[in-house]
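I opened my notebook to work through one structure, step by step.

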Amino acid sequence: MIELYTWSTPNGRKVSIMLEECGLPYNVHKINIGTNSEQFAPEYLKINPNGKIPSIVDSDGPDGKPYSMMESGAILIYLAGKSGKFLPKAVRAKYDTLQWLMFQMGGVGPMFGQAHHFMRAKKDEIPYGSERYGKEAKRLYGVMDRQLQRNEFLSGREYTIADIATYPWVARHEWHRVDLSDFPHVKRWYEALGARPAVAKGMSVPQA
């Protein structure tokens, strides 16, 4: 059994989607990141020293003992290894997938997150921040659109952890003031992934 510590954010939903896609049994523990009391509680910091979500504890770790993990991208790679799914075994395809996973981790996540902050979360909008991160968000949508023009999925022909990692961020496109009709290949990909039952179920975790 896997214990999932999460909240209703794109990073949290990456892992719940992956668990649903892999069919791995898991329990959900809500970590309300709106209060410092939960994510920085001493007992949670033992699981995730960085005090963020998501985290997992796998009761059947690599050596048969419980194993804790933090960082959503690392968790996706771990679950792919555990299940044998969504990370290709062919060398080129594997590294193509890891490139696009890192694109999400290093680009899409941080930049879309800043767009959220300046466009939505701030009480008084700061035009400089909205313009800077809104422009970068649209540039990244363009990168994905060109890639998806040539490929069914982000890293090629296969649905992988790169797609699973990126989908929950694109699901907030309205927060980025992005019309997906301007990026038709992203829109096609987004709608196809959204039709997957495991994606829909994973996006509802944790339930309110």
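I began with a definition: a nonpolar core is a set of buried Ala, Val, Leu, Ile, Met, Phe, Trp, Tyr and Cys residues joined through side-chain atoms within 4.5 Å. Buried means under 20% relative accessible area, with a 1.4 Å probe and protein chains only.

**Ground rules.** I noted that this is a predicted model, where local features need pLDDT of at least 70, side-chain atom pairs count only at pLDDT 80 or more, and totals for chains, interfaces and linings use all residues. Residues are numbered from 1 along each chain as its sequence is written, and side-chain values use heavy atoms, leaving out hydrogens and water.

**The core.** I looked up the largest nonpolar core and found 49 residues in it, with Met18, Ile56, Leu79, Tyr141, Met144, Val186 and Trp189 touching the most other members. At least two residues of this core come from each of β1 (2-6), α1, α4 (72-83), α5 (91-121), α6 (127-150), α7 (161-170) and α8 (184-194). Helix α7 gives the most, seven residues. I also found a second, separate core of six residues, including Ile31, Ile47, Ile53 and Val57.

**The whole chain.** I counted nine helices and four strands in the protein chain. These are DSSP runs numbered from the N terminus: helices are H or I with at least four residues, and strands are E with at least two. Of the 208 residues, 49% count as buried. The C-alpha trace spans about 50 × 45 × 25 Å along its principal axes.

**Helix α1.** I went to residues 10-22 next, and this helix of 13 residues reaches 18 Å from its first C-alpha to its last, close to the 18 Å expected at 1.5 Å a residue. That expected span is 1.5 Å times one less than the number of residues. Twelve of the 13 residues are buried, so α1 is largely enclosed by the rest of the structure. Among the buried ones are Arg13, Lys14 and Glu20. Just after α1, glycine 23 takes a positive phi of about 70°.

**Aspartate 58.** Is aspartate 58 buried or exposed? I found aspartate 58 buried, with a relative accessible area of 1%. Its place is in strand β3 (residues 55-58). Leaving out residues up to four places away in sequence, aspartate 58 touches Met1, Ile2, Lys65, Pro66, Tyr67, Tyr78 and Lys82, where contact means heavy atoms within 4.5 Å.

Methods
Buried means under 20% relative accessible area, exposed over 50%, partly exposed in between (1.4 Å probe, protein chains only).
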